[in-house]
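Hi,

Here is the structure I said I would pass on. Have a look at it first, and my notes follow below.

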Amino acid sequence: MDLQQMRYVLAVAEHGSFTRAARRCFVVQSALSHQIAVLERELGLRLFARSSRRVELTAAGQAFLPAARQALEAADRAAAQAAAAAGEVRGTVRIGIIPTVTAVDLPVLLRRFHEAHPQVAVSLRVARSDETVADIRAGRLDVGILGLPAGQTPVGVSSRMLAQDRHVAVIASDHRLAGRKRVRLAELAEESFADFPADSPGRAQTDLAFAEAGLVREVAYESTTADLIVGLVRQGLAVALLPSALRREFSGLHILAVTAGPTRTEHLAWDGFNTSPAAAALLELLEA
């Protein structure tokens, strides 16, 4: 078997379709199907159950997939290491980010990275901080930008703090508190809130601040994105506590400082045990 055949198998498994997999691999479907059939004959096993409408992995296919993925990752890493030894950084860097990155101007960073290392492909994934840390530990991501309550640090990965920021209260311009510059948590406790999902790191800093103050609040709306949270505030449906560094998104809204309010820290996290050349190049640029 060869690496290309394994790439085809992974593409079909991911997309559930020979047609979409062929499009992803930039090859005609007949060639992709032929190569998978050749591999199946070589193994003496069917990797996929096929019909005119469905494609599913067989038990043998499910067993084949993890080792095939590891083999491809090892081959890609070997090629990247050889290129790095020759002075050229290649491969892919996989980055996980929270929806509310403020410590780094990510588009500018990625433009500079592309200019310095045009042979490196970049994969971006927006996810919760805990999910990103788990993916770095499992080798599914190389680098992450996290948001955590003050005093917390990611576990099981290398990390450093990028920035610390206090939350502000964001309210509609006609809210009863709109004439104020500062507010206490107790004065917000009776309001309906829009916030990130319960038990998510994005929500933790606010929940922690209310708990430490001995206060209970109602979260009427949950969203995974700050844009929707701000939109709900703009419609007068809720108030929110969000990092002050996001204030560019608060146009037309009223912002108040919060006494003893939540504090968020952003962290850079990476796999310090087996850092790929592409990830090392990105980390170097971030340090600079």
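A word on naming before anything else: helices (H or I, at least four residues) and strands (E, at least two) are DSSP runs, numbered from the N terminus. Residues are numbered from 1 along each chain as its sequence is written. Please keep in mind that this is a predicted model, where local features need pLDDT of at least 70, side-chain atom pairs count only at pLDDT 80 or more, and totals for chains, interfaces and linings use all residues, while side-chain values use heavy atoms, with hydrogens and water left out.

Let me start with two loop residues. Asp 199 sits in the loop between β8 and α8, and its phi is positive, about 70°, although it is not a glycine. Most residues other than glycine have a negative phi. Phe 26 also has a positive phi, near 55°, and is found in the loop between α2 and α3 (29-43). Are these two buried or exposed? I call a residue buried under 20% relative accessible area, exposed over 50% and partly exposed in between (1.4 Å probe, protein chains only). Asp 199 counts as exposed because its relative accessibility is 70%, and Phe 26 is exposed too, with a relative accessible area of 79%.

Next, the loop between α6 and β5. Ala 138 lies there and, at 44% relative accessibility, counts as partly exposed. Its C-alpha atom is separated by 21 Å from that of Val 120, 18 residues apart along the chain. Asp 142 is in the loop between α6 and β5 as well, but it counts as buried at 9% relative accessibility.

What does the side chain of Asp 142 reach? It reaches the backbone nitrogen of Arg 94, at 2.8 Å. That is a polar contact, meaning a pair of N or O atoms within 3.5 Å; within protein, one must be able to donate a hydrogen and the other to accept it, and residues adjacent in sequence count only if both atoms are side-chain atoms. Leaving aside neighbours within four places in sequence, Asp 142 is in contact (heavy atoms within 4.5 Å) with residues including Thr 92, Arg 94, Trp 270 and Ala 279.

Ser 129, in helix α6 (residues 129-137), is worth a look too. Ser 129 is buried, with a relative accessible area of 3%, and its side chain reaches the backbone nitrogen of Gly 147 at 3.0 Å. Leaving aside neighbours within four places in sequence, Ser 129 is in contact with Ile 98, Leu 146, Gly 147, Leu 148 and Pro 201.

Now the rings. The structure holds 2 aromatic pairs. Rings of Phe, Tyr and Trp (its six-membered ring) pair if their centres lie within 6.5 Å; planes under 30 degrees apart count as stacked, over 60 as edge-to-face and the rest as tilted. Phe 18 and Phe 48 have ring centres 5.9 Å apart and planes at 70°, so that pair is edge-to-face. Phe 18 belongs to helix α2 (residues 18-24) and Phe 48 to strand β1 (residues 48-50), so the pair ties together parts that are 30 residues apart in sequence. Both Phe 18 and Phe 48 are buried.

Phe 193 and Phe 210 make an edge-to-face pair, at 5.7 Å centre to centre and 85° between the planes. Phe 193 and Phe 210 are both buried.

Finally, helix α10. Of its 11 residues, 8 are buried, which leaves α10 mostly covered. The buried residues of α10 include Pro 277, Ala 281, Leu 282 and Leu 286.

That's what I have so far.

Cheers
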